Amino acid sequence: MFTTITSIFEDVYHFSPGVAGLAYLGFGVGCLIGLVICGAVSNHIARTHSARGCFTPESRLPPMVFGCWAIPIGLFWYVWAAKAQTHWIVPILGTGVFAIGLMTVFMSASTYLVDSYLRYAASVTAANTGLRSLVGALLPLAGPSMYDALGLGWGNSLLAFIALVMCACPLLFWRYGARIRTHPRFQVKL
């Protein structure tokens, strides 16, 4: 999606190259909003569950369960608003919604991994970062050919449909995460 922001705002909205960079402000503001929302909700849940004595790593997942839906919504909003050539602020608001979802998923997943593997928190964080960086480095290489084949509208819609399917993952971890974490087959042996 990031590879399309500059081209959309230069080609569709006729922004100059310098001004087209300002289109990323929606994403930046959305990240800040998502960070604040996720932090406040996650801390409230952690305090409440700790006080009741029922805190588990899965207590970190509710912000992700609800926030993950903002990713496909933001992707659809961004691309189809630009495709319809609505006012330039409308697709920027879509990138903000996308960023809110992205931050709630990212922060919830990170804290869930740390809480799940306290003893190995540095290793699990490094593995998560390495995998995320590898995907982040390779996936944009496929972007131009995907957008050439599908166009901007359906190319970003494909990403949104993938994100929509992936919205089931937080629900599965919320329901079965404790069983997976405590299963003897998945225990780390030293």
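This is a predicted model: local features need pLDDT of at least 70, side-chain atom pairs count only at pLDDT 80 or more; totals for chains, interfaces and linings use all residues.
What is the volume of the largest pocket? The largest pocket has a volume of about 1,600 Å³.

## Overall architecture

The chain contains 8 helices and 0 strands. Followed along the sequence, its pattern is α-α-α-α-α-α-α-α. The C-alpha trace spans about 55 × 30 × 25 Å along its principal axes.

Of the 190 residues in the chain, 36% are buried. Among contacts between residues at least 6 apart in sequence, 73% join residues that are at least 24 apart.

## The largest pocket

The lining of the largest pocket is made up of 41 residues. Those that lie nearest its centre are Ile-71, Leu-102, Val-105, Arg-132 and Val-135. By class, the lining comprises 32 nonpolar, 7 polar and 2 charged residues.

At least two residues each are supplied by helix H1 (2-11), helix H5 (70-83), helix H6 (89-116), H7 and H8. The largest share, 15 residues, comes from H7.

## The second largest pocket

The second largest pocket holds about 180 Å³ of space. Its lining consists of 14 residues, and Leu-25, Gly-26, Ile-89, Ile-92 and Leu-93 lie nearest the centre. Helix H3 (25-52) and H6 are the elements that give two or more residues to this lining.

In terms of residue class, the lining of the second largest pocket divides into 11 nonpolar, 3 polar and no charged residues.

## Packing of H7 with H8

Helix H7 covers residues 121-166 and helix H8 covers residues 168-182. The two pack at an angle of about 15 degrees, and their axes are 5 Å apart. Because angles under 35 degrees count as roughly parallel, H7 is described as roughly parallel to H8.

On the H7 side, the contact is made by Leu-164, Val-165 and Met-166. On the H8 side, Ala-168, Cys-169 and Pro-170 take part. The residues of this contact divide into 6 nonpolar, no polar and no charged.

## Packing of H6 with H7

H6 and H7 pack at an angle of about 145 degrees, with a separation of 9 Å between their axes. H6 contributes Phe-106, Ser-110, Leu-113 and Val-114 to the contact. From H7 come Ala-121, Val-124, Thr-125, Asn-128 and Arg-132.

The residues of the contact of H6 with H7 divide into 5 nonpolar, 3 polar and 1 charged. Arg-132 of H7, which belongs to this contact, is also among the residues nearest the centre of the largest pocket.

Ser-108 lies in helix H6. Its relative accessibility is 1%, so Ser-108 counts as buried. Not counting residues up to four places away in sequence, Ser-108 touches Cys-38, Arg-60, Pro-63 and Met-64.

Thr-104 is likewise located in helix H6. With a relative accessible area of 4%, Thr-104 is buried. Leaving aside neighbours within four places in sequence, Thr-104 is in contact with Gly-34, Cys-38, Pro-63, Met-64, Gly-67 and Cys-68.

Gly-136 is found in helix H7. At a relative accessibility of 46%, Gly-136 counts as partly exposed. Gly-136 and Asn-156 are 20 residues apart along the chain, and their C-alpha atoms are separated by 16 Å.

## Loop residues with positive phi

His-14 lies in the loop between H1 and helix H2 (17-20). The phi angle of His-14 is near 60 degrees, a positive value in a residue other than glycine. His-14 has a relative accessible area of 64% and is exposed.

Gln-85 is placed in the loop between H5 and H6. Phi of Gln-85 is near 55 degrees, again a positive value in a residue other than glycine. With a relative accessible area of 56%, Gln-85 is exposed.

Notes
Residues are numbered from 1 along each chain as its sequence is written. Side-chain values use heavy atoms; hydrogens and water are left out. Axes are lines fitted to C-alpha atoms, for helices over the stretch in contact, and angles run from 0 to 180 degrees between N-to-C directions. Helices (H or I, at least four residues) and strands (E, at least two) are DSSP runs, numbered from the N terminus. Angles under 35 degrees count as roughly parallel, over 145 as roughly antiparallel, 65 to 115 as roughly perpendicular and the rest as oblique. Contact means heavy atoms within 4.5 Å. Ala, Val, Leu, Ile, Met, Phe, Trp, Tyr, Cys and Pro count as nonpolar, Asp, Glu, Lys and Arg as charged, and the others, Gly among them, as polar. On a 1 Å grid over the protein atoms alone, a cavity is a set of points where a 1.4 Å probe fits but cannot get out, and a pocket is an open set with protein on both sides within 12 Å along at least five of seven lines; lining residues have an atom within 4 Å of a point. Grid points are joined across faces, edges and corners, and a volume is the space filled by probe spheres set on the points. Buried means under 20% relative accessible area, exposed over 50%, partly exposed in between (1.4 Å probe, protein chains only).
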